[in-house]
Amino acid sequence: MPNIRARLLVVLVVLFGSLTVAGVPSATAATLPDSLWFDETPLTVRSGHFVDGNGREVVLRGYNVSGETKLEENSGLPFASVADAKKSATALRALGGGNSVRFLLSWAHAEPTRGAVDTTYLAAATAQMRAFLDAGIRVYPDFHQDLYSRYLFNSGSWYTGDGAPTWAVNLGGYPQESCGICLFWGQNITQNQAVTKAQHDFWHNAYGLQDSFLDTAQKTMAYVEQHLSDAEFAGVVGFDPYNEPHAGSYDSGQTSRTWEQNVLWPFYVKFRARMDAAGWQDKPALVEPNLFWNANIDSQKQQGGLLDAGTLGPRYVFNTHFYDQKAISGIFMWGKAADGQYATDFGTIRDRASAAGTAAVVSEFGHPLSGTVSDKAPTVLKAMYQALDSRVPGASWWSNPAGSGSVLSGSQWQWDVYSGRHHELMNDNPDKVRTSGDAWNDEDLSAVGLDDSGVATLRQDGRLLDRVYPGATAGSTLAFTYEDRSRDGSTTLTWNPVPSSLPNVATLVGSGQYGLLVWRSGSGSAPTELHLPASFPTSSTTVVSDLGTAYGPPAYTTSTPIAAAPEPGGTGSRRLLLTDTDSGALHYALVTNGATSPSAGLLTAARSELAAWAGAHF
């Protein structure tokens, strides 16, 4: 049979030409509003990057949806209704500039009775997931947990958890929970014996707990695959098996590294097999190392990073979190974050993923927006986004752009439209109704909320959140930077000014925002895409590139080198499309909102400066 099929294919190719010809647009069945011929292809992992069906390097940027899943007020779902999910998705695209979400799921609600998944819960979760897919937003689900389970905590406890169902907790007969003198909820991970024993039991499959979790995960994935259309399922990136894994306690002679090698990694191999059995064989598992592997407080740090897992390859993605615990502590970092603050931390993530032969995603990062350390949030978040964009600080980026490294994918924690409007009975205690912030362990990190009329409104500077980034690069990204000019109070933060050695570029940018991408072209015909924030109206956006110059880029056609178009999903968000016609050539494109009707002479002079700069550094 294989030989007969091969001969038939040869005949078809001879009669009708090759089925897919590089450089020629191929027809796709567009299902989303504003979708173009190259949109809506599934992602795979290749050569250390997410790659779409056109061979373009894809960067995922977005948010976690959402911490609401940790709460009981909406029965472990991110939203009270599909209508709220749609409102959130539209706002996330149009206000937050995201093209992807990490979508939280609850084991407790997926399997409330052992051995039986709740299809009502799965149906509701899938419908809410679909709201994001229909808005052109890629999704990667996550079975979330913190402190193992809320059912470990009594009604009067200072803290709570999420994750495992009540029957899983009842099996263990765990001691009454107590963290002792704990200033932060995360200290329960290592100091609360109920939490440490329960986590230890899970990882050692006591009472068959891990087997039950894997069974439920497989049934959940199968349900999602079967109840999404093929086009919708193409927008599902992969699955995050387990949030922030930790041993609970180590066995005699065991270290954090050997725990990863002998306990955590075998669990991921099992989960990977369940993905295959559920119809997710072409999607990666986004696997997290020991959560303390990259802690930036020395006393918390533990050796890890899946060092002994070998080459992960295309079936796994290196998935990690980063929070500045020094800044959050209010003790170990007194001041605010500065230019290049996290270049080394995020460089370590790049290096670890590269050594593992796979892509990286920072699936959680953020900082409190209220409380004693909230004044640090504008600078901490700016520095984190800067580090996602490039491993080079702004002060030295123009002199060392080739050191930028890959542009990292990331999902900020979090996007909760119910922020500050919750009604959560903490640990089912009617006398402890939580309404403020995230309504969970006194956290407040949501970038969005609803105003009194029910309209989604940003709680952080839109210049910080809605950013220029290369959503898809046709070829290989060599360098990228974005100066968002976000604000800390009334102070505009400019960490990457255009150098005086490029006077015409500096004049063009002025006091505006700008992004600059340098790439080497590939062999396909799909364009390179840069997200255009709301602060970059098409009519007043300036582009200077080796492909040409444009003020107010025209609508996209396959023969227009510099163009603008809506992003898929009908949310009103937009993108810049850059089409080259070569392979292996060096390209650059600067996009700014700082100019008003620039003269042809200024555009030409700026282009000459950028050409010389690019030629000197690449």
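Which residues does Pro33 touch, not counting residues up to four places away in sequence? In this predicted model, the residues in contact with Pro33 are Glu567, Pro568, Gly569 and Gly570, once those up to four places away in sequence are set aside. Pro33 lies in the loop between α1 (2–16) and β1 (44–46), and its relative accessible area of 43% makes it partly exposed.

## The parallel sheet

Strands of a sheet pair through backbone hydrogen bonds, in either a parallel or an antiparallel sense.

Strand β5 (residues 100–106) is largely enclosed by the rest of the structure, because 7 of its 7 residues are buried. In a regular strand the side chains alternate between the two faces of the sheet. In β5, Ser100, Arg102, Leu104 and Ser106 point one way, whereas Val101, Phe103 and Leu105 point the other way, and all of them are buried.

Elsewhere in the sheet, strand β9 (residues 360–365) runs parallel to strand β10 (residues 409–412) and is joined to it by 2 bridges, with Val361 standing opposite Ser409 in β10.

Lys382 is placed in helix α13, and Asn296 is placed in the loop between β7 and β8. Lys382 counts as buried because its relative accessibility is 4%, and Asn296 counts as buried because its relative accessibility is 12%, the cut-off for buried being under 20%.

| Residue | Side-chain partner | Polar contact distance |
|---|---|---|
| Asn296 | Asp324 | 2.7 Å |
| Lys382 | Glu483 | 2.9 Å |

Leaving aside residues up to four places away in sequence, Asn296 touches Phe322, Tyr323, Asp324, Gln325, Lys326 and Asp345. Lys382, with its neighbours within four places in sequence likewise left aside, is in contact with Leu464, Glu483, Asp484, Arg485, Ser486, Leu493 and Trp495.

## The antiparallel sheet

A further open sheet has 5 strands in the order β16-β19-β25-β21-β22, and the pairing here is antiparallel. Its edges are formed by β16 (475–483) and β22 (548–551), and since each has a single partner strand, one side of each is left without a neighbour in the sheet. The twist in this sheet averages 10° from one strand to the next. Strand β21 (residues 542–545) runs antiparallel to β22 and is joined to it by 4 bridges; the bridge partner of Thr542 in β22 is Tyr551.

## Helix pairs

Two packed helices are described by the angle between their axes and the distance between the axes. Helix α2 (residues 82–94) packs with helix α4 (residues 119–133) at an angle of about 30°, and their axes are 8 Å apart. These two helices, α2 and α4, are therefore roughly parallel to each other, and their crossing is right-handed. The contact involves Val82, Ala85, Lys86, Ser88, Ala89 and Leu92 of α2, together with Ala127, Gln128, Ala131 and Phe132 of α4.

Helix α7 (residues 193–203) and helix α8 (residues 209–227) pack at an angle of about 70°, with 6 Å between their axes, and α7 and α8 are therefore roughly perpendicular to each other. On the α7 side the contact is made by Asp201, Phe202 and Trp203, and on the α8 side by Leu209, Gln210 and Phe213.

Technical notes
Residues are numbered from 1 along each chain as its sequence is written. This is a predicted model: local features need pLDDT of at least 70, side-chain atom pairs count only at pLDDT 80 or more; totals for chains, interfaces and linings use all residues. Side-chain values use heavy atoms; hydrogens and water are left out. Two strands pair if DSSP finds at least two bridges between them. Buried means under 20% relative accessible area, exposed over 50%, partly exposed in between (1.4 Å probe, protein chains only). A polar contact is a pair of N or O atoms within 3.5 Å; within protein, one must be able to donate a hydrogen and the other to accept it, and residues adjacent in sequence count only if both atoms are side-chain atoms. Contact means heavy atoms within 4.5 Å. Axes are lines fitted to C-alpha atoms, for helices over the stretch in contact, and angles run from 0 to 180 degrees between N-to-C directions. Angles under 35 degrees count as roughly parallel, over 145 as roughly antiparallel, 65 to 115 as roughly perpendicular and the rest as oblique. A crossing is left-handed if the near helix is turned anticlockwise from the far one by less than a right angle, and right-handed if clockwise.
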